[in-house]
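Welcome, and thanks for taking a look at this model. Please have the sequence and the 3D view open as you read.

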Amino acid sequence: MRNSKIPLIEINGTNYDAGYKIGQVCKKQVNNLIKTSKKKYFLITGKPFEYFMQRSNKVLDLCQKNYKRYINEIKGISDGAEVDFNEYFTLNFEDEVADFAYKCTTLFVRNENGVFLGHNEDWTDDFADKLYIVKLKQRAKPDVLFLSYLAAPQFIIAAINSAGIAFTANSLYVSHRLGVPEALMLRSMADAKNIKEAIKDLEVKPREMGMNSMIISKNRIVDVENSLNKSAVIDVEADCFVHTNHPLKLKGTHPGNSLLRFNRVTEMLGKSKERNVELIKSILSDHKNGTNSVCKHSGKENENWATIASIII
């Protein structure tokens, strides 16, 4: 996998201003992404990109009322990158097309100094150069720092804001339908002023797919599991917790890849008396279990799947 420097984009302005600057900085990557996605969507599904654009227009109509500020942000990205907005918004179907749920590992540990949240983002290695970090100062909303990548538009991997809310997200289930894209739900979560708001952002319906999010604050830590129709909130009181890609409270399948990573992290947490950043680093960089390891590298059995980013908050 290529070693790519992740750009830090600092912005003070409207959502459109934020998007426009992201688009300018990532112009080459956005243009290349749309070009390659048109080919990839057809190769995987046998359906032309126009089919997904038509579905995307229905999703856009559904989201205009409640997510206008974030749609303006995506419009800013497309304008800054000088691409067609509708083509870029269509990349919200990336997860549906790839249909690969068994990725990403999240955990937290707690000690006398605070709470530390760790996450491995697993996706295809061609997205390693499409990551970016945004430090956004906003009016009437908390300031926010988040790691994102360009498809789906403004898809947040991990975030922390000035209200003291931090979160990461994992895939959960592989079913999809026309609904609010998970990228818009996560972007809205990044502006939450408290955990109740963040949970509400996740429970919106109709939603495009299921997912899991671990949310931490000073006084409460929760893990929220979503299927298409149900949500489960797990209040965490322990000094550590891990989630991969199978449900712990909701009903559902337990794929082997996810279980192996979950059990390996649980084993490492159980063997260590420490609860600190160094422990999280050792877990996120663990290679036991080969292609089912917590830290993945592309090539051979893994093909182009890899851990493209590791984050500790």
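Below is a short tour of a sheet, the helices on it, and one arginine elsewhere.

This is a predicted model, in which local features need pLDDT of at least 70, side-chain atom pairs count only at pLDDT 80 or more, and totals for chains, interfaces and linings use all residues. Residues are numbered from 1 along each chain as its sequence is written, and side-chain values use heavy atoms, with hydrogens and water left out.

Helices (H or I, at least four residues) and strands (E, at least two) are DSSP runs, numbered from the N terminus.

**The sheet**

- An open sheet is built from four strands in the order β11-β2-β3-β12, with antiparallel pairing; two strands pair if DSSP finds at least two bridges between them.
- At its edges are β11 (240-243) and β12, each of which pairs on one side only.
- On average, and ignoring direction, neighbouring strands here are turned by 10 degrees against each other.
- Antiparallel β2 and β3 are joined by seven bridges, and R110 stands opposite V115 in β3.

**Helices across the sheet**

- Helix α9 lies across β2 and β11, at about 20 degrees to β2, while α10 lies across β2, β3 and β12, at about 15 degrees to β3.
- For these angles, axes are lines fitted to C-alpha atoms, for helices over the stretch in contact, and angles run from 0 to 180 degrees between N-to-C directions.

**A closer look at α10**

- In α10 (residues 277-284), L279, I280, I283 and L284 are buried (under 20% relative accessible area, with a 1.4 Å probe and protein chains only).
- These residues cover an arc of only 130 degrees around the axis, which puts them on the same side of α10; the arc is that of the directions from the helix axis to the C-beta atoms.
- Their cover includes β2 (105-111), β3 (114-124), α9 (256-271) and β12 (305-312).
- At the start of α10, a side-chain oxygen of N276 comes to within 3.3 Å of the backbone nitrogen of E278.

**R187 in α7**

- R187 belongs to helix α7 (residues 182-189) and is buried, its relative accessible area being 1%.
- Neighbours within four places in sequence aside, R187 is in contact (heavy atoms within 4.5 Å) with N15, Y70, E73, L136, Q138, F146, Q154 and I156.
- Y70 is 117 residues from R187 in sequence, yet their C-alpha atoms are 7.3 Å apart in space.

Definitions and conventions:
Buried < 20%, exposed > 50% of the residue type's maximum accessible area, 1.4 Å probe, protein only. Polar contact = N/O pair within 3.5 Å; in protein donor to acceptor, adjacent residues only side chain to side chain.
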